[in-house]
Amino acid sequence: MSTKDSVEIRTLLVRGIFGVSEEERTEPIPVYVSVETFLDLRRAGASDSISDTLDYAKLCREIQALALAKEHLLLESFAEEVAAHVLQDGRVEEVQVRVEKRGIIPEVLDGVGVTIRRTREQRV
């Protein structure tokens with residue numbers, strides 16, 4: 001069953017080693033993660049219980065831990081890791097993940113980033 005309901009995290013600050021250049025790999029840098037999860041929220045709406053929905057506070061902590069757990073050359077690889085982690089929750093049908101870096105290219109004012117969208121069947 002496909003649903004249009006979603007739980008979102010917008011612009012979560014995480015720190016980690018991200019980048020190809022030596023400058024970016026010397027110490028953790030800030031990266032911003034936005035996640036939109038698609039799942040059926042009718043049960044949560046009726047029960048008013050956190051156990052019937054996706055706990056976004058817990059998910060924020062887990063994403064921050066993923067960022068610190070290992071180094072990434074590409075934002076794409078971290079986005080895939082986040083998507084795979086979110087899709088482990090059997091209630092989530094689909095997830096969209098955006099990962100951004102800011103201040104890397106001075107002429108790019110709002111940053112650079114990648115966005116991926118994955119379903120349970122598309123997990124890497």
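**Entry 1: salt bridges**

I looked up the salt bridges and found eleven in the structure. The model I worked from is a predicted one.

I took E81 and K70 to begin with. Their side chains meet in a salt bridge, at 3.8 Å from N to O. Where do the two residues sit? E81 lies in helix α3, residues 75-86. K70 lies in the loop between α2 (56-69) and α3. The pair therefore ties together parts that are eleven residues apart in sequence. E81 has a relative accessible area of 18%, so I noted E81 as buried, since buried means under 20%. K70 comes out at 48%, so K70 counts as partly exposed.

Next I checked R91 and D89. Their side chains also meet in a salt bridge, at 2.7 Å from N to O. Is D89 buried or exposed? D89 is at 19% relative accessibility, so D89 counts as buried. R91 has a relative accessible area of 36% and is partly exposed.

Then I turned to E100 and R98. They form a salt bridge, and the closest N and O atoms are 3.5 Å apart. E100 is buried, at 11% relative accessibility. R98 is partly exposed, at 29%. I also noted a network here: salt bridges that share partners join R98, E100 and R102.

**Entry 2: the largest pocket**

I looked up the largest pocket. Its volume is about 160 Å³. Which residues line the largest pocket? I listed L54, D55, K58, L59, E62, H85, V86, Q88, D89 and R91. I then asked which elements supply the lining. Helices α2 and α3 are the elements that give two or more residues to it. The largest share, three residues, comes from α2.

**Entry 3: T37**

I picked T37 and found it in strand β2, residues 29-38. Is T37 buried or exposed? T37 counts as buried, because its relative accessibility is 1%. I wrote down what T37 touches, leaving out residues up to four places away in sequence: D5, S6, V7, L54, V86, V92, E94 and V95.

**Entry 4: a nonpolar patch**

I searched the surface for nonpolar patches. V20, L73 and L74 form one, with about 290 Å² of accessible area together. I looked at L74 in particular. L74 is in the loop between α2 and α3, and K70 is in the loop between α2 and α3 too. L74 is at 45% relative accessibility, so L74 counts as partly exposed.

**Entry 5: the whole chain**

I stepped back to the whole chain. How many helices and strands are there? I counted three helices and four strands. From the N terminus on, the order is β-β-α-α-α-β-β.

I checked the dimensions next. The C-alpha trace spans about 50 × 25 × 25 Å along its principal axes. The accessible surface comes to about 7500 Å². Carbon and sulfur atoms hold 51% of that surface. The chain has 124 residues, and 37% of them count as buried. T37 is one of the buried residues.

How values were computed. Residues numbered from 1 in each chain as written. Predicted model: local features only at pLDDT ≥ 70, side-chain atom pairs only at ≥ 80, totals over all residues. Heavy atoms only, no water. Buried < 20%, exposed > 50% of the residue type's maximum accessible area, 1.4 Å probe, protein only. Contact = heavy atoms within 4.5 Å. Salt bridge = Lys/Arg side-chain N within 4 Å of Asp/Glu carboxyl O. Patch = residues over 30% accessible without salt bridge, like charges linked within 9 Å, V, L, I, M, F, W, Y side chains within 5 Å. Areas by Shrake-Rupley, 256 points an atom, 1.4 Å probe, with all protein chains shown as cover. 1 Å grid on protein atoms, 1.4 Å probe; cavity = no way out; pocket = protein on both sides within 12 Å on 5 of 7 lines; lining within 4 Å. Points joined across faces, edges and corners; volume = space filled by probe spheres on them.
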